[in-house]
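Hi,

Here is the structure I promised to pass on. Have a look at it first, then read my notes below.

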Amino acid sequence: MRGLFLSIGWSIVLSFSVFGCATGGVAVYSGASTGRIANVLYGQIIQAENVILSDTGLGTVAGGVIGGVAGNQFGKGHGKTAMTIAGGVLGAAAGNQLAQSDGQSLLVRLDTGGEITFTQKGRQYRVGDRVALTIQGNEVTQVRFANR
């Protein structure tokens, strides 16, 4: 029975890793964003700082569960308990590291006057780049290079 649960768990993990990011290079939007009005502001990046975006907790939890299940396969008695705990702790640490991503904290001087700062995933922008910012409410939802 335990082997069955382990097989199912690994199947789910592999499915997400193979199919979870398969978008064919097309932008993916939330269905809730349909019909929402957004503003596009243009400006120039005046400060770009590379940052690490921390785990939301999902990587830590998933790593801990997988590590605990893997550790449970070893030892007997108290040794099995110790291996389960050690596997959970090591798995949580690994999951946390894997779930972190590169990001940038950007400061943009807007063409309309004023400045805006925000943090985003990825590290493709540099000081001096012209950008177009799509803003919905108080959130920058898209950043792209601008020719304007």
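Let's start with Ile46, which lies in strand β1. This is a predicted model, by the way, so treat every value here as computed from it. Ile46 counts as partly exposed, because its relative accessibility is 29%, and partly exposed covers the range between under 20% (buried) and over 50% (exposed). If you skip its neighbours within four places in sequence, Ile46 is in contact with Leu107, Arg109, Glu115 and Val127.

Strand β1 covers residues 39-53 and pairs with β2 in the antiparallel sense, over 10 bridges. One example to look up is Gln44, whose bridge partner in β2 is Arg109. On to the next pairing: β2 and β3 are antiparallel too, with 7 bridges, and Gln104 stands opposite Gln120 in β3. These two strands form a hairpin with 4 residues between them. In the turn you'll find Gly113, which has a positive phi of about 100°.

What order do the strands take in the sheet? Reading across, the order is β3-β2-β1-β4-β5, an open sheet of 5 strands with antiparallel pairing. The edge strands are β3 and β5, since each pairs on one side only. Neighbouring strands are turned by 40° against each other on average, ignoring direction. As background, strands of a sheet pair through backbone hydrogen bonds, either parallel or antiparallel.

Back to Gln120, which is found in strand β3 (residues 115-121). Is Gln120 buried or exposed? Gln120 counts as buried, because its relative accessibility is 15% and the cut-off for buried is under 20%. Leaving out neighbours within four places in sequence, its contacts are Leu53, Gly103, Gln104, Leu106, Tyr125 and Val143.

Tyr125 is worth a stop of its own. A search of the whole structure finds 1 aromatic pair, and that pair is Tyr125 with Phe145. Their rings are tilted, with 4.7 Å centre to centre and 45° between the planes. Tyr125 lies in the loop between β3 and β4 (130-136), and Phe145 is in strand β5 (residues 139-145), so the pair ties together parts that are 20 residues apart in sequence. Tyr125 counts as buried at 4% relative accessibility, whereas Phe145 is partly exposed at 49%.

Tyr125 also belongs to the largest nonpolar core, which has 10 residues.

Last, a word on confidence. The mean pLDDT of the protein is 74, and 62% of its residues reach 70 or more. Where is confidence lowest, and where is it highest? The lowest is in helix α1 (residues 2-19), at a mean of 50, and the highest is in β4, at 92. Where pLDDT is low, the predicted coordinates should not be read in detail.

Cheers

Definitions and conventions: Residues numbered from 1 in each chain as written. Predicted model: local features only at pLDDT ≥ 70, side-chain atom pairs only at ≥ 80, totals over all residues. Heavy atoms only, no water. Buried < 20%, exposed > 50% of the residue type's maximum accessible area, 1.4 Å probe, protein only. Contact = heavy atoms within 4.5 Å. Phe/Tyr/Trp six-rings, centres within 6.5 Å; stacked < 30°, edge-to-face > 60°. Core = buried A, V, L, I, M, F, W, Y, C linked by side-chain atoms within 4.5 Å. Pairing = 2+ DSSP bridges. Axes fitted to C-alpha atoms, helices over the stretch in contact; angles between N-to-C directions. pLDDT = per-residue confidence, 0-100.
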